[in-house]
Amino acid sequence: MGLTEQAPETAHPAPTPVPAAHHRPALLAAVLLGGVVGTLVRTLLESALPPGAGAWPWTTFLINVFGSAMLGGLLESLARRGPDRGLRRLIRLGGGTGVIGGFTTYSTFAVEADQLALAGRPILAIGYAVGSIAAGLAAAGLAICAARRMVPHPTPSPGEGR
Amino acid sequence: MLLALTALAGGFGAATRFWLDGAIARHNPLPIPLGTVVINVSGALLLGLLTGLALDVPVLGPWKHVLGTGFLGGYTTFSTASVEGIRLASARGPRATILAVADAGGMLAMALVAAALGLWLGRMLAQAGAGG
């Protein structure tokens, strides 16, 4: 029960110090490249479909909800295929943390919600704020369930953490 | 050109998020993934500040694009927040729901306050600069 994905870090210290993932240049580069792609797509969508003043920011809303589903589905599919290393980790970091993480945005979302409130639309602001969070959670949850049905679990290997 | 710079800045924002999240996760004593909270709240504050400044200082427009839409947009992330929230909620026991609500609700409340503070501070600074 609980959060098994955090367990390996604290299990026992590694005898040979392997640099943490976030200190490895190749993995940082994968996240950076993915972030360029995700930001590019988001910027193109936001400039093609800019939100009207005082209106529900549909572009950011759909980016964030769609991205939540994509990330939930991707992470669950990768976790079901096997342990987080090699190509699977590269896809998780480049595609998940980089592309999808850079595609979705929390800062724009928060500023848009505040600006709706400042524009005299407090109900719309609250609806956008809470509605985005709820829709994002639901989308991620549904995608995780879908991935569980679609991706068969790998043959159980004794000794693996998950 | 502006689009290329914005996308590149988003890449650096995403790499900064990856690095900071990893650094915070190593020292996080809480049962909530704190890295995403710190990243999204600080990003909301900075985007508020930049947006507030740019409202009164139009010269900052392109910078708002590169640093705001690009760097801060890539730095903060909605998808990871959603996945972390649903993972907290889907753990067993009565604590799961409380943790998920504290994570998602706490992050939302803090990000909204931070963005409002940034907007207010940005406008104050811009007006002080214009008047003084």
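## Overall architecture

Chain B contains five helices and zero strands, and its pattern along the sequence reads α-α-α-α-α. The model discussed here is predicted. Along the principal axes, the C-alpha atoms of chain B fill a box of roughly 55 × 30 × 20 Å. Chain B has 132 residues, of which 51% count as buried. For contacts in chain B between residues at least 6 apart in sequence, 75% join residues at least 24 apart.

Chain A has six helices and zero strands, in the order α-α-α-α-α-α along the sequence. Of its 162 residues, 43% count as buried. Among contacts in chain A between residues at least 6 apart in sequence, 77% join residues at least 24 apart.

## Two helix pairs in chain B

Two packed helices are described by the angle between their axes and the distance between the axes. In chain B, helix α1 (residues 2–27) and helix α2 (residues 34–56) have axes that come within 8 Å and cross at roughly 135°. That angle makes α1(B) oblique to α2(B), and the crossing of the two is right-handed. On the side of α1(B), the residues that meet α2(B) are B:R17, B:L20, B:D21, B:I24 and B:A25; their partners in α2(B) are B:L34, B:G35, B:T36, B:V38 and B:I39. The residues of this contact divide into six nonpolar, two polar and two charged.

How do α4(B) and α5(B) cross, and at roughly what angle? Their axes come within 7 Å and cross at roughly 160°. Angles over 145 degrees count as roughly antiparallel, and α4(B) and α5(B) are therefore roughly antiparallel to each other. The crossing of α4(B) past α5(B) is left-handed. From α4(B), the residues B:A81, B:E84, B:G85, B:L88 and B:A89 take part; they meet B:A96, B:T97, B:L99, B:A100, B:D103, B:A104 and B:M107 in α5(B). This contact divides into eight nonpolar, two polar and two charged residues.

## Helix α3 of chain B

Helix α3 of chain B covers residues 61–75. Its 15 residues, at 1.5 Å a residue, should span 21 Å, and the end C-alpha atoms are 19 Å apart, which agrees.

The buried residues in α3(B) include B:H65, B:L67, B:G68, B:T69 and B:G70, as well as B:F71, B:L72, B:G73, B:G74 and B:Y75. These buried residues pack against helices of both chains: α2, α4 and α5 of chain A, together with α1 and α2 of chain B.

## Helix α6 of chain A

Helix α6 of chain A runs over residues 122–150. At 1.5 Å a residue, its 29 residues should span 42 Å; the end C-alpha atoms are 41 Å apart, which agrees.

Which residues of α6(A) are buried? They are A:A125, A:Y128, A:A129, A:S132, A:I133, A:G136, A:L137, A:A139, A:A140, A:G141, A:A143 and A:I144. What covers them includes α3 (58–81) and α5 (107–118) of chain A, together with α4 (79–89) and α5 (95–131) of chain B.

## A buried serine in chain A

A:S68 is found in helix α3 of chain A. Is A:S68 buried or exposed? A residue counts as buried if 20 or more other C-beta atoms lie within 10 Å of its own. With 32 C-beta neighbours inside 10 Å, A:S68 therefore counts as buried.

Leaving aside residues up to four places away in sequence, A:S68 touches A:T104, A:G136, A:A139 and A:A140, and also B:F78, B:S79, B:S82 and B:V83. A:S68 and A:L142 are 74 residues apart along the chain, and their C-alpha atoms are separated by 9.9 Å.

## Where the chains meet

The contact between the chains takes 49 residues from chain A and 46 residues from chain B. On the side of chain A that touches chain B, α2 (25–48), α3, α4 (86–103), α5 and α6 of chain A each supply at least two residues. The largest share of that side, 13 residues, comes from α2(A). The residues of the side of chain A that touches chain B divide into 25 nonpolar, 21 polar and three charged.

Note on methods:
Residues numbered from 1 in each chain as written. Chains lettered and ligands numbered in written order. Predicted model: local features only at pLDDT ≥ 70, side-chain atom pairs only at ≥ 80, totals over all residues. Helix = DSSP H or I, 4+ residues; strand = E, 2+ residues; numbered from the N terminus. Expected span 1.5 Å × (residues − 1). Buried ≥ 20, exposed ≤ 12 C-beta atoms within 10 Å, placed from the backbone. Contact = placed C-beta atoms within 7 Å. Axes fitted to C-alpha atoms, helices over the stretch in contact; angles between N-to-C directions. Parallel < 35°, antiparallel > 145°, perpendicular 65-115°, else oblique. Left-handed = near helix turned anticlockwise from the far one by under 90°. Nonpolar A, V, L, I, M, F, W, Y, C, P; charged D, E, K, R; others polar.
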